[in-house]
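Please work through the following exercises with the sequence and the structure open beside you. Each task sentence is followed by a solution that goes step by step.

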Amino acid sequence: MRPRIVVTGLGAVTPLGVGTAVLRAGLKAGRSCILHRVRTPGEDGGRYPEGAVVSAPVGSYEATVPEAEPAAAAPETTKGLRRAAVHVGFGAAASHEALQQSDSMVPPERRGLVFSSSLASCRFSYRLWHGLLASGAAGASPSLFSEGVPNALSGHLARLFQILGPGHMLGGGSDVGLRALVLAQDTLQAGRADLMLVGAAEELSEIASRGYRKFGVVKSRRADQSPAGLVLGEGAAAIVLERERDVLAAGRTPLLAVAGIRSAQLADLRREASIDQLARLIEPAVRQALESTGDAPLWLALSRNGTLLDRFEARALARVARRVQGRFEPQSRSRVKELLGDGMSVSPFWQLVEAQEHVAAGGQALVLSLSYYGAVSLLHLAPAGSRESSA
Amino acid sequence: MRQDIVITGVGIVTGLGVGPEATLEGLRRQRPAFHRLRSFDTRGYGEHRGVEAPDPAEAFPGLDLGGQRRDRAVQHLTGTIDQALRDAGLEHENPVAKERRELILGSTLVAMLSAEQFLREEADVGPARARYRSLGEWPPECALYRLARRFEIGGFSSMVSNACASGAASMQLAIDRLRLGHADLVIAGGFDPMCEYTFAGFGSLLLLSKSGCRPFQNGRDGMLLGEGYGIVVLERADDACARGATPRAYLAGASASSDGFHLTQPDPEGAGATRCIQAALLDAGVTAQEVGYVNLHGTGTPFNDLSEFRALRRVFGEHLEAVPASSTKSYLGHTLGGAGAVEVVISVLALQHGLAPPTLNVSEQDPETHGLDVLAGGARRIDAEVALSNSFGFGGANAAVVVGRV
């Protein structure tokens, strides 16, 4: 039997500000952070040759983290981050909060981390490339290169918080944060570490905004004109995972339990077979959760982000609802994406924070994350101390 | 030695050629693969040498690689995974259900060449007229999607970016997936293409050698870069036995750790590397005395090699002198995210064929690494049961893999 994994600390940096309390209060108050923002080609450091046709400034709806908030909230975590990418600072502030809340005494060698990002250091890579294209070898910046490697984030966090056990950085789509959680759970269950810091961090940039816009998924008109479309968000989240038996033995109280987490790769989102594959992934978790709660409603957070994924997800959920004979209502109760935009790898963690109150009150929650390339993950959260085994 | 996980197939593409036989032959002949780089203009850089793999169409003639517009690294991976599955006897029929097949790869750049293509075009014609199709190939999940679809992998997939330890880290993660019963077959490995971005980046950090790749040589001055793809097919030994597979080796154990020291410099005392190697040996259920060959990380940079030596000295003690060790980066260059996986495949070949390849370009070993038996001059016959492969990278990322002879 694999040991059960629990969450002992949570941290968040969102467009609402720094901290999980700020996040919860903002969500409850329905405070939207989505603003129309105009980004100018070149603001990420791009330079174009004489005579090149430069596109018009890109306007879209976004949700960005207020400037300087992470550094002000946790100044001790910003040491050595002067040259680091912005998302590293977000990740550090979120990790600081999560580790503080966890209050674990696990020694550095037995602590590990798995962090993730979809956009990672996209802005730095872009700037370095433009330096190269403009000035050749002399245009390559050593600090942009070293701070632009994807695992600069996990490397800085390991240094800042002295996490000396297994450390991994994952790149991927919207569900990559939950994939990090999968691997962190494995690491704890395999006994390689006694505490895992898991999280994600994202930073918006002109190139990311332009790329998504060119792919035709970004919301660029007023809501009353076009309700559909992706609103990009940024920020970070971190959670601390430990084995439940260790936490209880130390007399500490877990926040909530990971009752199960499943990931899969769907073959092709246009095919009927993939909808069925997704339904088959969701159904056992729904059944398991319903068995635990009777017919009390499940708290459900969906991937829904205003793109063509929504319809696909809705069809799979409708199938599950039919199979469980209507005992489950496939409606998202999360307000994260509606108010904070889609923080890609980070969003499922913000939804986890949002779900905590419901779970702490004895409920069950499912967080579903689906990426554009068919990667999907489903997290099942249950109250700590309940009897669900880890799936 | 722990014998629960086996390597039933390997795939490898480097500057030495395509497949294990070509790799072994290149190592036997002590043939370095360095040449003047062809894939981009090196004028303006102080160094022009590196190692490029053959073009995908040349490496895998007749194999459908997804079309010429597909990213080069993804084309190479398609061929390398196909090769590994054939080696595992799974080319026709795979008895493992799609949902129980997983893919865990490690890379630092992934499809950076596609991004490069877009950025060059954008600089030429401006963002309004640049075609964004190649930018869509950049995200890691795109590569995973294409490979998962091609090889009918319906379970968990992941792209690990632990810099130069990525390939080896993928094996640590894969072992756990199998041991915990989450998967029945995992395709793991690492890769990185040759790209001007990294060439310029390492150049700007003054890490590229002017005198050639000379790991552990007195007066060494840096690394040279290479392109490489390494893949292993992993299964639980019982499952492999039940389907009649002939394993190449045991994947006895693996480990990962963080230095927590500096973003680009290794801990000079090698404390993180020491912990990593010790944990890998413990995971594999072997002692340092049982290790019969070490494939060194051995990049040829002054600090890296010294840090690795200090870590090995701490783990092996006086026994270090009795263990033949070599850095195959002196043949292949530093294949970055591919290095850990490529070097695990080479370690498997070393155990299978009883042959430890020498390190090239070592005429006078650095006296500060006295006590480390850096093989030089010629290959050595070995009768080793266990080999250790080390990988260390930016961000203080460490990974070590222990393989065992079947």
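**Exercise 1: a polar side chain in chain B**

The side chain of Asn390(B) makes a polar contact with the side chain of Glu308(B) at 3.1 Å, a polar contact being a pair of N or O atoms within 3.5 Å, where within protein one must be able to donate a hydrogen and the other to accept it, and where residues adjacent in sequence count only if both atoms are side-chain atoms. The model is predicted, so local features need pLDDT of at least 70 and side-chain atom pairs count only at pLDDT 80 or more, whereas totals for chains, interfaces and linings use all residues. Residues are numbered from 1 along each chain as its sequence is written, chains are lettered from A and ligands numbered from 1 in the order in which they are written, and side-chain values use heavy atoms, with hydrogens and water left out.

Task: Locate Asn390(B) and decide whether it is buried or exposed.

Solution: Begin with the secondary structure, where Asn390(B) is found in strand β14 (residues 386-393) of chain B; strands (E, at least two residues) and helices (H or I, at least four) are DSSP runs, numbered from the N terminus. Next, take the relative accessible area, which is 0%, so Asn390(B) is buried (buried means under 20%, exposed over 50%, partly exposed in between, with a 1.4 Å probe and protein chains only). Finally, look at its surroundings: leaving aside neighbours within four places in sequence, Asn390(B) is in contact (heavy atoms within 4.5 Å) with residues including Ile277(B), Leu312(B) and Glu343(B).

**Exercise 2: helix α13 of chain A**

Task: Describe the span, the bend and the burial of α13(A).

Solution: Start with the span: α13(A), residues 347-360, has 14 residues and reaches 20 Å from its first C-alpha to its last, close to the 20 Å expected, which is 1.5 Å times one less than the number of residues. Then consider the axis, which bends by about 35 degrees at Glu354(A), the bend being the angle between axes fitted to the seven residues ending there and the seven starting there. For burial, 12 of the 14 residues are buried, so α13(A) is largely enclosed by the rest of the structure; among them are Phe349(A), Trp350(A) and Glu354(A). Just after the helix, Gly362(A) takes a positive phi of about 100 degrees.

**Exercise 3: charges between the chains**

Task: Describe the interface of chain A and chain B, then follow one salt bridge across it.

Solution: First, the two chains bury about 5,700 Å² between them, 63% of it on carbon and sulfur atoms; buried area is the accessible area (1.4 Å probe) that two parts lose on being put together, summed over both. Trp129(A), Phe145(A) and Tyr373(A) supply 15% of the area that chain A buries against chain B, more than any other three residues.

Second, six salt bridges are found across this interface, each a side-chain nitrogen of Lys or Arg within 4 Å of a carboxyl oxygen of Asp or Glu. In one salt bridge between the chains, the side chains of Glu99(B) and Arg280(A) meet at 3.9 Å, N to O. Glu99(B) is partly exposed at 40% relative accessibility, and Arg280(A) is partly exposed at 43%.

Third, Glu99(B) and Arg280(A) belong to a network of salt bridges that also includes Asp276(A) and Arg323(A). Asp276(A) and Arg323(A) form a salt bridge whose closest N and O atoms are 2.7 Å apart, and this pair links distant parts of the chain, 47 residues apart.
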